[in-house]
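Welcome to this short tour. Keep your viewer open and follow along, one selection at a time.

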Amino acid sequence: MSNSADAARKIAEPSAQEAVRRVLDTVKAEKRTSLTAPEGKVVCDAYGIPVPKEGVAKSAADASKIASSMGFPVVMKIVSPDILHKTEAGGVMVGVKTAADAEKAYDTILANAKKYKADAKIEGIQVQQMLAGGTEVIVGSITDGSFGKLVAFGLGGVLVEVLKDITFRLAPAAKDDALSMLDGIQAHDMLKGVRGGDPVSRDALADVIVKVSQLVSDFPEIVELDLNPVFATKKDAIAADVRIVVDFDYKPRPAPRPTEEIVTAMNRIMQPKGVAVIGASAEDGKIGNSVMKNLINGGYKGEIYPIHPKAADILGYKAYKSVKDVPGVIDTAVFAIPAKFVAGALAECGEKKIPGAVLIPSGFAEAGAPELQAEIVEVGKKYNIRLMGPNIYGFYYTPANLCATFCTAYDVKGSAALSSQSGGIGMAIIGFSRSAKMGVSAIVGLGNKSDIDEDDLLAFFEQDPNTAIIAQHCEDLKDGRAFAEAAKRVAKKKPVVVLKAGRTSAGAKAASSHTGALAGNDKIYEDVFAQSGVIRARSLRQLLEFARGVPVLPTPKGENILIITGAGGSGVLLSDSVVDNGLSLMTMPPDLDAAFRKFIPPFGAAGNPVDITGGEPPITYVNTVKLGLSDERIHALILGYWHTIVTPPMVFARNMVEVKKEMEAKGFVKPIVASLAGDVEVEEAAEYLYQNGIPAYAYSTELPVEVLGAKYKWARGAGLL
């Protein structure tokens, strides 16, 4: 049996967990918040995490005897539940070489500890085999408010706090996750061996990461853990120091609702047979009036029930005093009444068995009234009503012609589903979608996220045949772990793009471990998104362009990118963008180089980019792009167009669309993006290209490559490349 299989079996044995439970029970009984180093060794031994030989000395003679039996040099450290930072207390001596030195070190450490904290409880002095050589790394774990248990890896020793070069994954982590962490730090080349040094054992390190992640998952009360340093050599990885912090009051988040339950409710909310408008109004300028008009003007074919205490009818529809008076089935209730009346009306929705409430009103937690929000959450739980909002613009679901919002009715149908936590960002999404003629399947406001959040939307859009891409703006994730698990599942089928606001906030709280202190909030989001296959947008514009462009592009069949440009300058900038977006410029084979040279002037440049120069007629673009599409070694094309009299913008655009269609008819289907430099006519040309399946941008060499990069990121994550 292999070592890793043996270790996995050992962890699975109840005895391993029992050994850790005994230690933690002692710590709890003594009302401590951390483990001593010898207790840490017991925990590591139970889970097969390699640590050096060691013993605890109760006297100077004891220290000399233990050190002699394990062999010099040794490290000696104070063992005290009251001294967490041992080095600060003068409680560590490294490189103790003889029995006499061990006795002296014992006395010195004891004196230092008493001077540091006179009343510290001292259990002895740990004598530990000193590890020599290898690369110092850190393996740790923290407990995040949104994501729960995370495992961390980075360079260890003093470097970890200087460089802050650390990466995170959700725990428990699989072997593949652990191996990806080794490549996920900036200094990953250090692990491969530099200047003749030995590379580390990747398997041994990954094994430690997996075991730590399993340990903290099995014992939620372990809220922080540091193995620092871990000495990684070409044959093993041994943790020289163990620090474990516990919180016996910690409670993991409850498990999210089952996906089937989410989808059943969301299907009724997003595709209702009947909609009630609570607070419907005949008066222009009122939100209840706008919602009614949008439902009617948007072409919704289901039943519309205005709810109003006095009116007999509103905008030609019979009005009711309460949802309970409506004879038919209501799937969605849109609220357009002041915050203080919402809970009462929501209870009536519960009695009517309405599954979904769209809460447009503001004046809840965001306005300093958390008690009003807590009240509606309780009503929602009592009657099992899913709540969207409060403090939102509502939502659009175009396949049902449903405009359950006070914004203008929206009618450009397509396959992009977008959501936003912020109303202002929602308005930008709606405006861009109209301006760019981007077809959407849905635009959803989430606001305060009292209940429905991003992972509920992922579950719905995952199975929605009308949605091909999901793009979400968020300021926080209420349950990051539930989101990550949903995203990991959904991203295998459809691209998931997220714009996480608040990237630059410090986010790191004071913590008693290195790992905790280094856990900048945004770094966790970055790494968990990558682990989950999420495409991260860096700006609002990127979010919108990815939502528009990624579904237009076919999935590439390989990594080789070719640039064809009419201007050397744009070729250089496009090449930079290729590198910035993790794409691969194809190395031009000699035969292909010769083939391209036949079409370009002698002073043009073959290689990659292929520079056809500015003065060339349209046929040069046609011939070179045809060659690029027909050669199986090339997997995607980036076109750099330069506005000239010889090849005007619309001539270029029409030719490229014709070439694309002609080659597709012959079976050559590849992603093509274009960057257009020139006077204002290039705007019309870019729009024409886009409408015909070539994402094209006037005045930008970055955006087209970013869109292509996003498509590649998704294809890699979904295992299609």
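Start by selecting Thr332, which is buried, with a relative accessible area of 1% (buried means under 20%, with a 1.4 Å probe and protein chains only). A word on what you are viewing: this is a predicted model, where local features need pLDDT of at least 70, side-chain atom pairs count only at pLDDT 80 or more, and totals for chains, interfaces and linings use all residues. Residues are numbered from 1 along each chain as its sequence is written, and side-chain values use heavy atoms, leaving out hydrogens and water.

Thr332 belongs to strand S15, residues 332-335 (strands are DSSP runs of E, at least two residues, and helices are runs of H or I, at least four, numbered from the N terminus). Now show Ile269: its backbone oxygen lies 2.9 Å from a polar atom of the Thr332 side chain. Beyond neighbours within four places in sequence, Thr332 is in contact with residues including Arg268, Pro272, Ile354 and Val358 (contact means heavy atoms within 4.5 Å).

Next, select residues 14-29 and 37-46. These are helices H2 and H3, packed at an angle of about 160° with axes 8 Å apart (axes are lines fitted to C-alpha atoms over the stretch in contact, and angles run from 0 to 180 degrees between N-to-C directions). H2 is therefore roughly antiparallel to H3 (the term covers angles over 145 degrees). To see the contact, pick residues such as Val20 and Val23 of H2, and Val42 and Val43 of H3, which are among those making it.

Finish at residues 423-435 and 540-549, helices H13 and H18, which pack at about 40° with axes 11 Å apart. Here Ile425, Ala428, Ile429 and Phe432 in H13 meet Leu540, Arg541, Leu544, Glu545 and Arg548 in H18.

Terms used:
Angles under 35 degrees count as roughly parallel, over 145 as roughly antiparallel, 65 to 115 as roughly perpendicular and the rest as oblique. Buried means under 20% relative accessible area, exposed over 50%, partly exposed in between (1.4 Å probe, protein chains only). A polar contact is a pair of N or O atoms within 3.5 Å; within protein, one must be able to donate a hydrogen and the other to accept it, and residues adjacent in sequence count only if both atoms are side-chain atoms.
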